[in-house]
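User: I would like a close look at one part of this protein. Please keep the answer plain, as I am new to structures.

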Amino acid sequence: MSVSVRNVAAVTALGAALAGCAGGTGTSQAGGEARMGTRAASTPASPSPSPGAPGSSAAPRPGAPGKAPTIAPGPNGLTPVFERARRQTDKTVALTFDADMTSDQGPRAASGERFDNPELISTLRTLKVPSTIFMTGRWAEEYPDQAKAIGTDPNFEIANHSYSHHAFKSPCYGLPTLDGAAARADVDRAFAAFRTAGAVNTVPYFRFPGGCYDDQALRAIATARVTAVQWDVVSGDAFAKDPDAVAEQVLAGVKPGSVVVMHCTRSAAPVTEEAIHTIVPELRKRGYRFVKVSELIGK
């Protein structure tokens, strides 16, 4: 199967089951580039406190977005969107992992379904791969010890993937849709869940569930002072059975400054950890250095 066909298959699979996180780029055809905004000053900017999140200080309290580079708002104050460090010339790449759980999946977790993947996190630590984990608040509530361990490990940074994993734009792979006020509150609720779990290494970045957004969604969360982070490489790990196919797709797509979307959800992405054992050494052999999203944005 060609890489392009696998991309289509990955998108279809994500839409078919739960609507996982990385169905597509989420960027509408019109005005996509204009939304990118411009980078903030070279000194890392701390977001203004948002309702439900603690105020900023020299030593951020757990769950508060820490001091990390952000991008200045786009046209008309829209939330800026970052997809890839296009001005990047050195070989850096950010592996990102979506820790998905919807607000109504408690019964499935109670019956034994695993939405976590501690083996993947352990492998990333062992291989010394700095990573950004886009976590839902519901995931942090289900696995508070893991959320705290990830959020206090300097190898990782936790970014916001909403609380409920409901859509911020409709249609979006069958996900229930939040209106503007509910969408804004959902972002705050996720940061609050990180704070409750004791996570410290949180950053003011947000990834739309399903990757779905439009100008209305960007306007709805503008006061949260976050940078929306998408991706330019779809790993195809959601519901994949073949780790070699996942690795091949990532390796074929990575360019300097790339953001790769993968998943940290065992039941929905069972071969991700195995694929990492191929992806990491091969990219290092090609001269790539792994970085967190904050480092790409800060370039």
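In which helix do phenylalanine 191 and phenylalanine 194 both lie, and how many residues apart are they?

Analyst: This is a predicted model. Phenylalanine 191 and phenylalanine 194 both lie in helix H6. They are three residues apart, about one turn of the helix.

Now look at the two rings. A pair of aromatic rings is described by the distance of the centres and the angle of the planes. For phenylalanine 191 and phenylalanine 194, the centres are 6.0 Å apart. The angle between their planes is 90 degrees. Planes over 60 degrees apart count as edge-to-face, so this pair is edge-to-face.

Are these two residues buried or exposed? The cut-off for buried is under 20% relative accessible area. Phenylalanine 191 has 2%, so it is buried. Phenylalanine 194 has 0%, so it is buried as well.

Next, follow the loop between strand E4 (156–160) and helix H6 (180–197). Cysteine 172 sits in that loop. A disulfide joins cysteine 172 to cysteine 212, with 2.2 Å from S to S. Cysteine 212 is in another loop, between strand E5 (202–206) and helix H7 (215–220). Cysteine 172 is buried, at 2% relative accessible area. Cysteine 212 is buried too, at 9%. A search of the whole structure finds one disulfide. Cysteine 264 is also buried, with a relative accessibility of 1%.

Other rings are worth a visit. The whole structure holds six aromatic pairs. One of them joins tryptophan 139 and tyrosine 143. Their centres are 5.1 Å apart, and 55 degrees separate the planes, which makes the pair tilted. Tryptophan 139 is buried at 0% relative accessible area. Tyrosine 143 is buried at 8%. Elsewhere, Phe168, Phe206, Phe208 and Tyr213 form one aromatic cluster.

Two arginines also meet rings. The charged end of arginine 189 sits over the ring of tyrosine 163, 3.8 Å from the ring's centre. Arginine 207 lies over the face of phenylalanine 134, 4.0 Å from the ring centre.

Finally, step back to the whole chain. The chain has 10 helices and nine strands. Of its 299 residues, 56% count as buried. Among contacts between residues at least 6 apart in sequence, 82% join residues at least 24 apart.

Definitions and conventions: Residues are numbered from 1 along each chain as its sequence is written. This is a predicted model: local features need pLDDT of at least 70, side-chain atom pairs count only at pLDDT 80 or more; totals for chains, interfaces and linings use all residues. Side-chain values use heavy atoms; hydrogens and water are left out. Helices (H or I, at least four residues) and strands (E, at least two) are DSSP runs, numbered from the N terminus. Buried means under 20% relative accessible area, exposed over 50%, partly exposed in between (1.4 Å probe, protein chains only). Contact means heavy atoms within 4.5 Å. A disulfide is a pair of cysteine sulfur atoms within 2.5 Å. Rings of Phe, Tyr and Trp (its six-membered ring) pair if their centres lie within 6.5 Å; planes under 30 degrees apart count as stacked, over 60 as edge-to-face and the rest as tilted. A charge sits over a ring if NZ of Lys or CZ of Arg is within 6 Å of the ring centre and within 35 degrees of the ring normal.
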